[in-house]
Amino acid sequence: MADNILTLFTSIGLSEQKAKETLKNEVLSGALKEAVIQAQRVNGPSGVDKAMGTLLYSMVCRLKDSKRLAFLSDCIAQKKICTELQLAAALDFVKGHPEDPISQKEFDEACGVGVVITPEQIEDAVESVIKKHKEQLLEERYRFNMGLLMGEARSALKWADGKVIKNEVDVQVLHLLGPKTEADLEKKPKQLRGEALKFHKPGENYKTEGYVVTPKTMELLKKHMEFTGGQIRTRFPPEPNGILHIGHAKAINFNFGYAKANNGICFLRYDDTNPEKEEEKYFTAIKDMVEWLGYTPYDVTHASDNFQKLYDLAVDLIRRGHAYVCHQKGEELKGHNVPPSPWRDRPVEESLVLFERMKKGMFAEGDATLRMKMVMEDGKMDPVAYRIKYTPHHRTGDQWCIYPTYDYTHCLCDSIENITHSLCTKEFQARRSSYYWLCNALDLYCPVQWEYGRLNLTYTVVSKRKIIKLVETGVVRDWDDPRLFTLTALRRRGFPPEAINNFCARVGVTVSQTTTEPHLLESCVRDVLNDTAPRAMAVLEPLKVTITNLPKGTKMDVRVPNFPANEAKGSHTVPFTHTIFIEQSDFREGMEKGYKRLTPEQPVGLRHAGYVISVQKVVKDSQGKVVELEVTCCSSETAEKPKAFIHWVSQPLVCEVRLYERLFLHKHPEDPSVVPNGFLSDINPNSLQVISNALVDTSVKGAKVLDKFQFERVGYFSLDPDSTTNKLVFNRTVTFKEDPGKI
């Protein structure tokens with residue numbers, strides 16, 4: 001039964017490996033089977049080609065309402081839906097029209113059914129767009145953002161094939177500008193983009209919209225400029241209570257990158273004001289990750305460095321009549337409709353005495369807090385500045401039993417360190433008014449707070465609480481499990497730091513929140529690894545091949561370039577003997593349309609070896625499974641050119657390979673409308689596949705942990721810390737980009 005479905009799936013153009021992976025997911029394979037059978041009812045058993053099969057597969061993966069499966073399968077089979085663009089529109093339409101019947105006319109209009117875009121229309125649209133931007137194109141040449149041309153041409157011709165538009169843009173740009181010169185190929189220095197373009201110059205804080213100017217502002221700015229010399233100063237201020245994730249990478253890049261681009265400095269400041277949650281491993285891991293991404297802090301500081309100064313400032317704040325000791329309980333202070341404190345107007349001297357008693361440990365936890373007399377932008381009244389915690393601090397031990405809050409500490413530490421640009425994510429916008437209020441209430445230098453949109457990725461969770469839950473329930477091994485998007489996990493998986501930085505640069509900095517799919521990050525990873533990961537050959541599902549016309553003792557060294565596109569970057573040798581191993585999927589017993597690799601009737605080339613092999617005998621076990629091929633080989637110089645060349649290994653090392661897929665089934669596993677039973681119910685059961693006895697060529701024998709390789713025709717891999725001298729363990733970093741024409 002499973003073999004029949006496997007054959008059905010490969011008949012529509014899925015690779016054997018993809019078909020096998022699909023079979024592991026019962027819901028997906030059942031839906032795909034139903035869709036293919038529906039399409040075959042329309043077009044006949046052989047009427048579903050690869051293009052149609054790709055659309056059917058894409059449709060069942062993304063369709064939320066299974067009752068629309070037959071309708072959409074019919075539309076694809078009847079070639080009403082012919083492109084990914086139309087499919088996306090169709091899925092949006094059925095999602096927005098859950099009730100029957102669907103209006104065919106409205107559907108056709110929404111999905112561009114029957115719309116034909118001619119090559120002449122595409123040519124005219126591109127010509128019009130290029131004419132519009134001609135002056136800037138001639139000035140900037142190939143540094144011009146070609147995506148702008150693509151976007152405008154596609155806007156004019158919504159249903160045109162994107163590839164055809166891109167080809168036309170390339171042709172017309174080449175005609176206008178001519179081939180790229182050496183000047184065009186030079187790397188452009190990084191420019192500030194997005195929100196950074198609006199930033200104030202040091203000392204001109206008062207020019208920023210919303211900045212509060214007091215009678216002391218100009219005098220304080222003058223002292224600040226005398227101290228800094230007009231230098232830009234930023235900081236990255238993580239809480240040391242968890243491991244950094246991909247969102248932090250954006251913050252690191254923005255804070256350190258903005259300072260670096262302007263010859264400024266950036267501090268790494270630990271916001272260590274909550275002793276209950278801080279651990280040494282987090283302090284170490286945060287610094288490691290900042291340095292791994294390529295940044296060196298000007299100085300490593302701690303909020304706790306300033307505990308005495310912060311306390312003294314709190315006393316001053318009380319004396320000025322801007323703070324008071326309150327006895328409302330924590331539960332009473334939650335939410336936005338908090339009743340006013342009955343202690344708000346207590347005498348200053350009384351609050352000073354009570355605050356001193358708080359410091360001396362004369363109140364129980366929760367019995368007293370110090371609150372600031374101000375209303376925040378979100379309407380929250382009198383935020384807490386100090387609370388009591390009888391927990392020893394990681395750095396100061398039992399010296400303190402009162403600890404400052406973020407709302408109190410953050411702006412004051414920025415002021416103490418003479419920060420010029422306090423960069424933080426959008427959710428802190430509601431605290432901007434309290435930031436300015438507190439600095440001004442104490443007559444201190446006030447930096448400018450700038451907010452930007454945080455970076456989110458689909459198919460993952462990044463909150464500390466939820467990652468801890470994943471670890472505790474055994475879904476993942478630890479914070480560095482390669483299926484997570486913590487920075488330690490990405491490093492272990494083999495993501496190069498340059499790729500993460502490039503991803504952050506590509507996403508850019510905007511005010512709006514950014515939600516991105518993992519494939520954009522993976523694309524940046526491929527770009528880096530393609531240039532930096534040397535090639536090797538590995539076979540994940542080995543099939544033994546005996547070359548009968550080579551003597552048993554034959555052993556030759558085959559030279560394999562580390563980087564085939566640039567052989568000057570070196571090479572390595574691998575043995576070639578009487579026995580080799582190939583991928584099981586590179587052989588099929590029966591000849592199938594479009595299959596280009598090894599069959600009993602069809603020879604195949606061996607990469608780098610200079611040989612073509614032809615099957616002489618297929619050896620099977622008692623269950624009828626193919627366990628060995630007996631072949632003959634001949635020189636590729638004398639043989640007719642084969643349709644394909646495959647990779648192989650000989651006298652290989654046995655290794656473990658871990659293949660990773662998305663950890664969650666849905667884009668937004670935390671969304672209760674999509675995953676009503678919570679994120680733990682959305683785990684992808686196939687997110688990890690362990691292959692215990694894969695084979696890899698001997699060139700990787702001396703590899704160090706985290707060394708990266710491109711296994712030819714398989715993907716990019718990195719050596720895992722679990723490796724031993726007896727057995728190497730490789731993590732698949734990313735697959736190759738899907739090539740729809742490759743079978």
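In the predicted model, Arg431 and Asp407 form a salt bridge, with the closest N and O atoms 2.6 Å apart; a salt bridge is taken as a side-chain nitrogen of Lys or Arg within 4 Å of a carboxyl oxygen of Asp or Glu. The two residues are 24 positions apart in the chain, Arg431 lying in the loop between β8 (421-425) and α19 (432-441) and Asp407 in helix α18 (residues 406-416). Helices (H or I, at least four residues) and strands (E, at least two) are DSSP runs, numbered from the N terminus. Asp407 is buried, at a relative accessible area of 10%, whereas Arg431 is partly exposed, at 28%. Here buried denotes under 20% relative accessible area, exposed over 50%, and partly exposed the range in between (1.4 Å probe, protein chains only).

Residues are numbered from 1 along each chain as its sequence is written, and side-chain values use heavy atoms, with hydrogens and water left out. As the model is predicted, local features need pLDDT of at least 70 and side-chain atom pairs count only at pLDDT 80 or more, while totals for chains, interfaces and linings use all residues. The pLDDT, the predictor's confidence in each residue from 0 to 100, averages 91 over the chain, and 97% of the residues score at least 70. Over residues 738-743 the pLDDT is below 50, and this stretch has five contacts in the model beyond near neighbours in sequence, a contact being heavy atoms within 4.5 Å. Where pLDDT is low, the predicted coordinates should not be read in detail.

A search of the whole structure finds 42 salt bridges. In one of them, the side chains of Asp722 and Arg492 meet at 3.2 Å, N to O. This pair links parts of the chain 230 residues apart, with Asp722 in the loop between β25 (715-719) and β26 (728-734) and Arg492 in helix α21 (residues 487-493). Arg492 is buried, with a relative accessible area of 9%, and Asp722 is partly exposed, with 29%. A further salt bridge joins Arg732 to Glu661 (3.1 Å, N to O). Arg732 belongs to strand β26 and Glu661 to the loop between β22 (653-660) and β23 (688-696), so the pair ties together parts that are 71 residues apart in sequence. The relative accessibility of Arg732 is 6%, which places the residue among those counted as buried; Glu661, at 34%, counts as partly exposed. Through shared partners, salt bridges join Arg477, Asp480, Arg492, Glu656, Arg658, Asp720 and Asp722 into one network.

The chain is divided into domain 1 (1-111), domain 2 (119-185), domain 3 (197-452), domain 4 (464-532) and domain 5 (534-651), with bounds from an automatic or database domain assignment. The centres of domain 1 and domain 2, taken over C-alpha atoms, are separated by 34 Å, and five residues of domain 1 are in contact with four residues of domain 2.

A nonpolar core is defined as a set of buried Ala, Val, Leu, Ile, Met, Phe, Trp, Tyr and Cys residues joined through side-chain atoms within 4.5 Å. The largest such core has 84 residues, and those with the most contacts inside it are Ile246, Phe355, Tyr386, Tyr408 and Ile500. Both domain 3 (197-452) and domain 4 (464-532) give residues to this core, so it lies between them. Apart from neighbours within four places in sequence, Tyr408 is in contact with residues including Leu310, Leu313, Met372, Tyr386 and Leu438. A second, separate core of 38 residues includes Ile12, Val48, Ala77 and Ile81.

Several loop residues were also examined. His668, in the loop between β22 and β23, is partly exposed at 39% relative accessibility. His668 and Thr460 lie 7.4 Å apart, C-alpha to C-alpha, although 208 residues separate them in sequence. Beyond neighbours within four places in sequence, His668 is in contact with Thr458, Thr515, Val674 and Val675. Tyr459, a residue other than glycine, has a positive phi near 60° and is located in the loop between β10 (455-457) and α20 (464-472); at 13% relative accessibility, Tyr459 counts as buried. Asn263 likewise has a positive phi, of about 55°, although it is not a glycine, but Asn263 is exposed, with a relative accessible area of 70%. The peptide bond from Asp100 to Pro101 is cis, with omega near -10°.
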